[in-house]
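Please read this note alongside the sequence and the model. It is meant for someone who has not seen the structure before.

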Amino acid sequence: GPYKPAILGTRALYYELKEGPTLDWVFFAPSAWLRPGERTGTFRYGKDDMLFDAEGRSRISNEDYALAMIEELRHPRHHRERFTVGY
């Protein structure tokens with residue numbers, strides 16, 4: 001699909017950053033389904049594996065994704081690692 005080059009490029013960048021010795025980086029990966037919705041403030045954090053809800057869906061609203069991003073900027077909890085959020 002049209003997103004494949006961006007996904008592959010982002011993946012390559014992640015693995016390159018992971019090998020760097022000094023840069024303090026963070027890679028914030030969305031769930032598979034990222035769409036407009038509502039801000040619930042209720043979501044889970046994960047690391048390298050995609051999160052799935054009870055129905056087997058990997059999803060997060062744009063609003064909750066943005067909320068998690070802002071919280072990470074305000075109160076950094078992740079350093080030199082990838083993390084994700086999902087319901």
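This is a predicted model: local features need pLDDT of at least 70, side-chain atom pairs count only at pLDDT 80 or more; totals for chains, interfaces and linings use all residues.

The points below go from the sheet to its strands, then to one arginine and the aromatic residues.

1. Three strands make up an open sheet in the order E1-E5-E3, and their pairing is mixed. Strand E1 (26–29) and strand E3 (44–46) are the edge strands, each pairing on one side only. From one strand to the next, the twist averages 25 degrees.

2. Pairing of E1 with E5. These two strands run in the parallel sense and are joined over four bridges. Within this pairing, Phe 28 has Phe 83 of E5 as its bridge partner.

3. Pairing of E3 with E5. Here the sense is antiparallel, with three bridges. Arg 44 has Gly 86 of E5 as its bridge partner.

4. Cover over the sheet. Helix H2 (residues 62–74) lies across E1, E3 and E5, and runs at about 165 degrees to E1. Strand E5 is mostly covered, with five of its six residues buried.

5. Arg 82. Which strand holds Arg 82? Its place is in strand E5, which spans residues 81–86. Is Arg 82 buried or exposed? Arg 82 counts as buried because its relative accessible area is 19%, and the cut-off for buried is under 20%.

6. Surroundings of Arg 82. Leaving out residues up to four places away in sequence, Arg 82 touches Tyr 14, Trp 25, Phe 27, Ala 29, Lys 47 and Asp 48. With Asp 48 there is also a polar contact, side chain to side chain, at 3.1 Å.

7. Faces of the sheet. As background, side chains in a regular strand alternate between the two faces of the sheet.

8. Aromatic residues. How many aromatic pairs does a search of the whole structure find? The search finds four. Two of its members, Phe 28 and Phe 83, are the bridge partners named in point 3.

9. A charge over a ring. Arg 77 lies over the face of Tyr 45, at 4.3 Å from the ring centre.

Technical notes:
Residues are numbered from 1 along each chain as its sequence is written. Side-chain values use heavy atoms; hydrogens and water are left out. Buried means under 20% relative accessible area, exposed over 50%, partly exposed in between (1.4 Å probe, protein chains only). A polar contact is a pair of N or O atoms within 3.5 Å; within protein, one must be able to donate a hydrogen and the other to accept it, and residues adjacent in sequence count only if both atoms are side-chain atoms. Contact means heavy atoms within 4.5 Å. Rings of Phe, Tyr and Trp (its six-membered ring) pair if their centres lie within 6.5 Å; planes under 30 degrees apart count as stacked, over 60 as edge-to-face and the rest as tilted. A charge sits over a ring if NZ of Lys or CZ of Arg is within 6 Å of the ring centre and within 35 degrees of the ring normal. Two strands pair if DSSP finds at least two bridges between them. Axes are lines fitted to C-alpha atoms, for helices over the stretch in contact, and angles run from 0 to 180 degrees between N-to-C directions.
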